[in-house]
Amino acid sequence: MKRSLLTVFLLFAAVCIYAQQTIRGTVKDETGEPLIGATLMVVGTTVGTVTDVDGNFTLSPPANSKTLLVTYTGFSNKETPLTNATVYEIALAESSSLLDEVVVIGYGSTSKRFLTDNVAKLSADDIGRVPVSNFQSTFAGKAAGVRVTQVNGKVEAGIVVRVRGAASISAGSDPLYVLDGVPLVNDNESTNGAPVNPLLSLSPSEIESIDILKDASSAAIYGARGANGVVLITTKRGKIGKARMSLNISHGTSTPTNVVEWLNAEEYVELITEASDNAIGLGLGFPSPGFVEGRLDRYSNGTDWRNAEVDTDWTDQVFRDGSQTDVNFSVSGGDQKTIYYFGGAYNDTKGIINGNGLDRKSARTNIKHNFNAKITAGLNLGFSSTSIDRVANDNSFVTPLQAIAQAPISPARLENGDPFVNTVYPNFLLQQDFGSYVTKLRRLTGKAYAEYRFLPSLKFNTDFGYDMSYQTEEQFSGSRTPFNSTNGTAFNSNAIQENYVWANYVTFDRTFGALHNLNVVAGTEFTEATRQFNSVTGTEFPSDDFQTINSAAEITAGSGNLTAYNFMSFFARAQYVFNERYFVKASIRRDGSSRFGSNRRYGTFPAASAGWIVSQENFLNNNPTLSFLKLRVSYGQLGNSEIGNFPSLFLFQGVSYNQRPGIQPTQPGNNDLTWETSTQLDLGVEFGLFDNRISGEIDYYNKDTEGLLFSVPLPGSSGATSINRNIGLLNNQGVEIILNADIISSKGLTWNTSMNVSRNVNEIQSLPNEDSDIISGQNINRVGQQVSAFYMPEYAGVDPANGDALYFINSEGDDARTTTNSIGEANRIVAGNPFPDWTAGLTNTITYKAVSLSFTFQGEWGASIYNGGGRFQSANADWFDNQTVDQLNRWQNPGDITMVPQARLGDGNGVGNSTRWLERADFIRLRNLTLSYDLPSSVLEKVGLDKTQFYLAGVNLLTFTDFTGYDPEARADSGSLSNGQSFYSAPAAKTISFGININF
Amino acid sequence: MITKYNYLFFLSLAVLAFTSCDDKLNILPAQSIAGEVAFSTEANIQNILIGTYSEAGEDESYGGQLQIMADLLGKGDYVTWVGTFLDPRQVANKNMLTDNSFVGGYWNNAYATINQANLVLDNLDVVTSSSEERDRIEGEARFLRGLSYFDLARHFSSGDTGVPLRATGISDYSVDLSSGRASTTEIYDLVISDLQRAAAVLPGSNGIFADQYAAEALLARVYLHQGNYPAARDAADVVIMNSGAALTPTFAEAFNNDENSSEDIFAFQVTSQDGANDLIIHYADEGNGGRGGDIEINDSYASIFEGDDERGSFFVASRQTDARLTAKYTNQFGNIPLIRLAEMYLIRAEANLRESTSVGATPLADINTIRNRSGASSLDEVDVDGILLERVKELAFEGFLIHDIRRTGGSVDGFNADANELVFPIPLSEMDTNPLMSQNPGYN
């Protein structure tokens, strides 16, 4: 009896214990840091829990439970078998799968798997070790739909980044750049007409990752500033563990990617004298006999030009071998309480253009400290100082590239070394030798932040960001520089921009019942930006040895001005995930800005998206071929507020007449002026085949921009030439395809490839004044055509009978293709567009044991470039400019069939703006190439180093194009960058550098 | 679980955010004032008037490009254009394209000046300090408006088809701005009525600004251009007799002055800090602030002079090219005379001769006054051709050449006075934005 009772008791106890067995434990990462909010689920049941602030959990798995599944964003899932143990210490490993990558999305982050938006992610590996001084060039060709163009080969050149096509005509088209949550000042402050890229101050070595928000749903959280996409930059931070140090040194040389061939002295003399003889022979009245000979005597400095005594290749004067040296160093580490990162970098770039170069010193410190389980605070601070030796803008006579227009019979320098002064155009060497132009850019960017965690699922963040950009320019032109008649001129300017950003937001993230996950963010943000500018000009210096304003006897100009803008915003976002396979997200942002007209001060920008991971469904789970399939759709509205600070006001500004003050109207007013609104739909499919060995995405997007901000031309007879209006409707739609494949994945040899292709179609759908055309120079905005399409008469070639240039009349009706030799009679036609239809990138990475080769090709098709300099340089010797060698094919005798008209000096034969100089600029470029070798660990252990790598890196090594100009990417840097014209624009640099990366 | 504490925190945050910063979104520009403010005070109307002078003196018009275009059109063999700019070369060759930037720039600038003058005239009621002030401001605005319309008509009108007539200022650009071309007669009627009113209300002397005699002198020029010789003669006579201006002792002293000379009836002011002088840019060498001498004076011009005429040697050699340049433009910051007293003598002489009168002085006496000032010997008799030649000797490179040819039915470079090629094309930018505009014959 007693024994049976005991048995029953034991059985009962056993049953009770077995049924209610409670387990507990901790979830940590491989370095021992606890993971907060990791999800634990008993496989096959709905029982689960979430870890607390210390990574601890308790769980009561039901009887017969076998396996515990632990998951956490950014880490590989881990399945732990359930044993008799009651305490479990579980360590998760960081995931290397693309789908588990952490993606930063504005006020938060998520994993790629759970993303319902279209975000392109680039890691430090993608962008590291590219020998360029600006970080934007590092991701060219690597993100679908993101087009990165370097305007020209000057080291400080503007970089044009376009996400999914040009979504605006006159308002800014740059994406919003956000560094660690602080929107960056991105205004070009150059005063000479050519832009200086303000983001040059950021060294690529500080960047951990770049996430580009491309669709409405992701960018809507940035509301009125998100219409052109958002580039989120995250800087490096420390990790728990012993201090890690890293040193990277590289040095390279640069040359121009391409040079164009010009006439030599003999060819030049032949062509110019023929042009003069023809003009005299035709009885045009100019030139007079002897005029050309006199001119050539002058330009050749009295040397024997008839026999090409002097034959200068001016291209040698313009270009030189450039170089790039880059050193950066960082220390990072941390423990449970504090993690830190300190880094410093130095970059010295000598440009490929004579007289152009920069050096940059930068430093960063990122520190984060956990005061206790609830409070974390940190400080990110970056400082950089860049000094740029600059040359003039492309339209200036003393820009080096315009030296190609000089006659080859002119010596560049006299025997005593002085630049020769009687050249056709002013000799830029005079400006180089006797003038200077230095721009200094100092930048301080920082963020102080704190996070208070009320509960594991609820936290509050406050971020205070500061961005100061301080640019000074010092320019001196000595008395011997061209056009200087005031015994020297000095110009100094200061431009200071300061942005303060204060964001406060609350995040709630909780998994309910192991199946439902809800993440809600809500907050406010206030931005205040001010800009102060002043400048002074002085003339009359005692000698060229005095170059600062203090020595100027007369101060002839000065300016000082102040401007500001503010944004006040509220935002909220909620995402709901069911069973890790159904996602719904909605966000809304309300922005008000001082930039908008008083009648339209505030705007609301909503967005929503949804996704479905089809491969989690039972019918597809564990399918051997299709390992991942996700469908997503997003839709939302964004704004573009890059419209200047006071575009809506009717303004008068101060002028002076004989030093008496007056006022003049400068801008017609428009109280209804407001931001441009962009509504975007995105449909996407993400797939993975063969256990994600092949993966990819296909996206279709349709983006409508309405209320385009336009400087609408007005009839000059009204007294003003343009007014700002929100008009019209522009549509961009396209497809992006991304394909990644691990082609070979064995031990010792891996090869993976990643390709992206995108096609963008843009079309203007409505314009004001009953869809009337807006024409500006050689570009037109017309309904049914692409933005800024080229609009000009069509060149038809040369009349074989007399050598006249011919144009197609292009009128309505049968005689459309009749030709005329009078360009005034030729109607203009739409002849091309400045933006490409197709862009593509291909990156391959091949690793064999310790050697790794990675290269990226980039291509663009469909864009055209109009060479504004063609009227001077490929003009069948219309004047004394040096000509391109193709002008030697000029018409000479009746019956000649050629595309180059007869050479006639000063007659303007064929030099009107026409398609003669409009050319397709399709190209494929080997953008980056990196070959690296890792020292074997046996060597490293002896020396006491961690990973050490030698590498060879190249930029723009190969270019395949039919374009006959300098560079199929280069555009003129003075004047509008969106009109697709080049004007003596410098080609990009081809750089090869060798470097070593040491970690210890 | 969201506790009550958390709710309160979030709520207070939201409240804080909503109330704090709405007024921070009202920022005014620091370097400009709003249009409404600009029309509200007398001081500002005076400011707009000064701004109108500054506008008219811009390089695209009276700051030099207008005079240069007039002289290149009428250049004949006198000068050669050797500069690199394509647009003035088109003017010199008389094959201007509709997108010629010198022509388009002048059109836009002239109408900007007209608009600003109109804004002053529309808001005269704000000027209440005295009737003299109001008259002075009105007179100056009408002078500038009349001047602008006169030159627009001279260059752009084709037969009796003139240019758009804008008689009131535009400050609201949201309305339809298209305008057709008024007749040339209507334009000239406005010019004459503006200048007559200006002559009636302006004071006899007004510092560097337009005065009664500037208006009379400009009227003389307008009447001469129209062929209304009696009126031209009488207006020129008023200026010569009553203005107090006197020819400078030597020819050279009439030019390159930092301050107005005794001979200046009206000049556009240029200083090292403001004002534009494009005549320097294209006529002077680099040492004097120019581009090296884009306009070279040929032997054909130098040879029209005889004897000791100072004007026949009033040249300077370019230090870059050794070519002959005019010495009228060597001071980079010198004022630009619009009307000199010398022109009045020439107008009076020509008008008297054509009318067979001798108001004020005989034509021969007036011509000799001009000649003697420059050291040329006196003539014994003079005819119309002689006076026209004297105008070329005295007024060359000041923007008169083409106008004298066209008003006298002459011809230049193989083109007759009524040739289409001697008239500017309506700028392409106006044709593209103004549907009521029509192009001049001979241009597309």
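Visitor: How many bridges join strand 1 (residues 23-29) of chain A to strand 4 of chain A, and do these strands run parallel or antiparallel?

Guide: Strand 1 of chain A is joined to strand 4 of chain A by four bridges, and the two run antiparallel. The model is a predicted one. Within this pairing, A:Gly25 is set opposite A:Phe57 of strand 4.

The pairing belongs to an open sheet of three strands in chain A, ordered 4-1-7, whose pairing is mixed. Strand 4 (56-59) and strand 7 (87-92) are the edge strands; each has a single partner strand, so one side of each is without a neighbour in the sheet. On average, neighbouring strands of this sheet are turned by 25° against each other, with direction ignored. As a general point, strands of a sheet pair through backbone hydrogen bonds, in either a parallel or an antiparallel manner.

Further pairings in chain A involve strand 2. Strand 2 (residues 39-42) pairs with strand 3 (residues 48-50) in the antiparallel sense, over three bridges. Here A:Thr39 has A:Val50 of strand 3 as its bridge partner. Strand 2 of chain A is also joined to strand 5 (residues 67-71) of chain A, by four bridges, and these strands run antiparallel. In that pairing A:Leu40 stands opposite A:Val70 of strand 5.

Strand 30 (residues 651-657) of chain A and strand 1 (residues 32-34) of chain B are paired antiparallel over three bridges, and B:Ile33 in strand 1 of chain B is the bridge partner of A:Phe652. The sheet is open, has three strands in the order 31(A)-30(A)-1(B), and its pairing is antiparallel. Its edges are strand 31 (660-667) of chain A and strand 1 of chain B; each has a single partner strand, so one side of each lacks a neighbour in the sheet. From one strand to the next, the twist averages 40°. Helix 3 of chain B packs on this sheet and touches strand 30 and strand 31 of chain A as well as strand 1 of chain B. The direction of helix 3 of chain B makes about 80° with that of strand 31 of chain A.

This leads to the interface as a whole. The size of an interface is often given as the accessible area lost when the parts come together. Between chain B and chain A about 7000 Å² is buried, and carbon and sulfur atoms give 60% of that area. In chain B, the residues that lose the most area to chain A are B:Leu25, B:Ile27 and B:Tyr173, which together make up 10% of what that side buries. In terms of contacts, 86 residues of chain B meet 85 residues of chain A.

The polar side of the interface comprises 19 residue pairs in polar contact between chain B and chain A, both residues being at pLDDT 80 or more. Helix 3 (residues 42-56) of chain B gives the most to the side of chain B that touches chain A, namely eight residues. By class, that side of chain B has 39 nonpolar, 34 polar and 13 charged residues. Three salt bridges are counted between the two chains. B:Glu296 forms a salt bridge with A:Arg295, with the closest N and O atoms 3.7 Å apart.

Over all chains, the count comes to 70 salt bridges. A:Asp837 forms a salt bridge with A:Arg759, where the closest N and O atoms are 3.9 Å apart. A:Asp837 lies in the loop between strand 41 (828-832) and strand 42 (838-848) of chain A, and A:Arg759 lies in strand 35 (residues 749-766) of chain A, so the pair ties together parts that are 78 residues apart in sequence.

Conventions
Residues numbered from 1 in each chain as written. Chains lettered and ligands numbered in written order. Predicted model: local features only at pLDDT ≥ 70, side-chain atom pairs only at ≥ 80, totals over all residues. Heavy atoms only, no water. Contact = heavy atoms within 4.5 Å. Buried area = accessible area lost by both parts, 1.4 Å probe. Salt bridge = Lys/Arg side-chain N within 4 Å of Asp/Glu carboxyl O. Polar contact = N/O pair within 3.5 Å; in protein donor to acceptor, adjacent residues only side chain to side chain. Nonpolar A, V, L, I, M, F, W, Y, C, P; charged D, E, K, R; others polar. Pairing = 2+ DSSP bridges. Axes fitted to C-alpha atoms, helices over the stretch in contact; angles between N-to-C directions.
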